[in-house]
Amino acid sequence: MAAESPAKSLQDELSCPICLEYFKDPVSIECGHNFCRACISQCWEKSEPNFSCPQCRETALQRNLRPNRQLGNVVELLKGLRLQAVTEPEGQRVCERHQEALKLFCEEDQTPICVVCDKSKAHRSHKVVPIEEAAQEYKEQFQTRLQALKEEREKLLGWKLIGEKRSPEYLGKTEAEREKIVSQFKQLHQFLEEEEQLLLARLGDLEKEIVKLQDENITKLSAEISCLSELIIEMEGKCQQPASEFLQDVRGTLSRCKKGKFQQPVAISPDLAKRLGDFTQKNIVLKKTLKKFQDTLMFELQTAMNVTLDPDTAHPQLVLSADRKSVRWRETWQRLPNNPERFDPEPCVLGCEGFTSGRHFWELEVGSGRYWAVGVARESVGRKGKISLSPEGGIWAMERLNGGLYHALTFPKTTLSLGRVPSRVWVCLDCDEGQVAFFDADNKSPIFTFAPASFNGERIRPWLSVWYSETQLRLS
């Protein structure tokens, strides 16, 4: 039998016979053997009243533990030495504690161990496998994770590349939009300034004519007043004369005092009144134009809402996309729970989001599809049976039928005359003003605005309907 190596012998001498680990706070008993203080104390607690040595079985009359500081110092020196990288000739790492080859792997502690560690108290009950077997298993897991990480990195690199390519494109678009906004506002400012100057000039001419007419009237009235004053004085003097003098030419005097002789001047001619009314009408039209521009600009400056569709409300013939952003119709019915929220038989669906205050808008891609309707609906809108597709039924919407025929779903329906077929539609909601409006998103032109309604604080939700298999509506 080969002799034991000095390192192994040293390790045995510095290991506790009870726990087989390096001594921790070593103590000596009467027979001279050494143990960890905790190990011998625990052992002797179970063997009272006799205190026998666990190694030589010699008994002692009393529990006497003497600290062995020299042995503790040697253990600490050895621990310091094992921190150095120690390898066997084959290049295999060895156990720092026992100086044995790390040939096993403890699956519970997830660490390589040696055969001595395997027999020790720390690992005795743990599942242990050969280190090469464990390494192979973990290498396979590493390869799987590594491949996933590489794929994730490639995906991120692709997104980064796309972002780097699109960034100048988006910046170009923002710059173009900035120039467009500046140009539009310059045109608006110029239009308003020219309109202001024109209206003020016309109003100045009208003021001059009114002042001229007023001066003429004052002159005429002053002359008439003077004439009347002279006649009054004459008649008052006439009344003081004796009868013989008073009655002379009495008829002529009465004729000059005849009622209606003096004409009332015309304050404003009908032409001036009409022109003044025209100014009032122009102001009303200008106010409406500015209000429409303000509404359009307000929605342009807002961010479109991120709206998704509520599958619990979708009619069984409506198919929603996985991201709940688009809807299409199909002939066959899906097997879905007939819950109270679901529309039946109308092919409708509501948005998940709802609004009770503020201004909001969202964009819908309608493409060239037909037989669709989009808008908003009250939370309390009817879901079962025949429902009224109108504000009276709790729905504010517009529809497209075959042949490019558009309607606003008022009662009765309002036919819409559009200059172009919109491929994208803005649905605009002002909860505070009770207003619902539709815009062509491509050119920002208004399509239709419903009369103001009273929502009474009720939740208002996006509403869509489609009843043609080749049509798909998608929320942007």
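# Briefing: cavities, salt bridges and local backbone features

The largest cavity is lined by I29, E30, C31, W44, F51, C53, E58, T59 and A60. The model is a predicted one. The structure holds 16 salt bridges, and 2 cavities of 30 Å³ or more are counted. Two cis peptide bonds are described below, one from D344 to P345 and one between F411 and P412.

**Cavities**

- The count of cavities of 30 Å³ or more comes to 2.
- In the largest cavity there is about 50 Å³ of space.
- Its lining consists of 6 nonpolar, 1 polar and 2 charged residues.
- Among the lining residues of the largest cavity are W44, F51 and T59.

**Salt bridges**

- D310 and R461 form a salt bridge in which the closest N and O atoms are 3.0 Å apart. This pair links distant parts of the chain, 151 residues apart: D310 sits in the loop between helix 8 (270–301) and strand 9 (318–320), and R461 in strand 20 (residues 460–466). Both D310 and R461 are buried.
- D310 and R461 also belong to a network of salt bridges that includes E379, R383 and R459.
- E458 pairs with R378 in a salt bridge, with 3.1 Å between the closest N and O atoms. Here too the pair links distant parts of the chain, 80 residues apart, with E458 in the loop between strand 19 (445–449) and strand 20 and R378 in strand 13 (residues 372–378).
- R378 counts as buried because its relative accessible area is 16%, under the cut-off of 20%. E458 counts as partly exposed because its relative accessibility is 22%.
- R424 and D442 meet through their side chains in a salt bridge of 2.9 Å, N to O.
- R424 is partly exposed, with a relative accessible area of 25%, and D442 is partly exposed at 30%.

**Surface patch**

- L156, W159 and I162 form a nonpolar patch on the surface, and together they have about 320 Å² of accessible area.
- I162 counts as partly exposed because its relative accessibility is 41%, which falls between the cut-offs of 20% and 50%.

**Cis peptide bonds**

- The peptide bond from D344 to P345 is cis, and its omega is near 15°. P345 belongs to the loop between strand 10 (326–329) and strand 11 (348–350).
- F411 and P412 are joined by a cis peptide bond with omega of about -5°. P412 is placed in the loop between strand 15 (406–408) and strand 16 (414–416).

**Positive phi angles**

- L20 is not a glycine, yet its phi is positive, at about 60°. L20 is in the loop between helix 1 (6–13) and strand 1 (26–28). With a relative accessible area of 37%, L20 is partly exposed.
- R57 is likewise not a glycine and has a positive phi of about 70°. The loop between strand 3 (51–52) and strand 4 (59–60) holds R57. R57 is exposed because its relative accessible area is 59%, over the cut-off of 50%.

How values were computed. Residues numbered from 1 in each chain as written. Heavy atoms only, no water. Helix = DSSP H or I, 4+ residues; strand = E, 2+ residues; numbered from the N terminus. Buried < 20%, exposed > 50% of the residue type's maximum accessible area, 1.4 Å probe, protein only. 1 Å grid on protein atoms, 1.4 Å probe; cavity = no way out; pocket = protein on both sides within 12 Å on 5 of 7 lines; lining within 4 Å. Points joined across faces, edges and corners; volume = space filled by probe spheres on them. Nonpolar A, V, L, I, M, F, W, Y, C, P; charged D, E, K, R; others polar. Patch = residues over 30% accessible without salt bridge, like charges linked within 9 Å, V, L, I, M, F, W, Y side chains within 5 Å. Areas by Shrake-Rupley, 256 points an atom, 1.4 Å probe, with all protein chains shown as cover. Salt bridge = Lys/Arg side-chain N within 4 Å of Asp/Glu carboxyl O.
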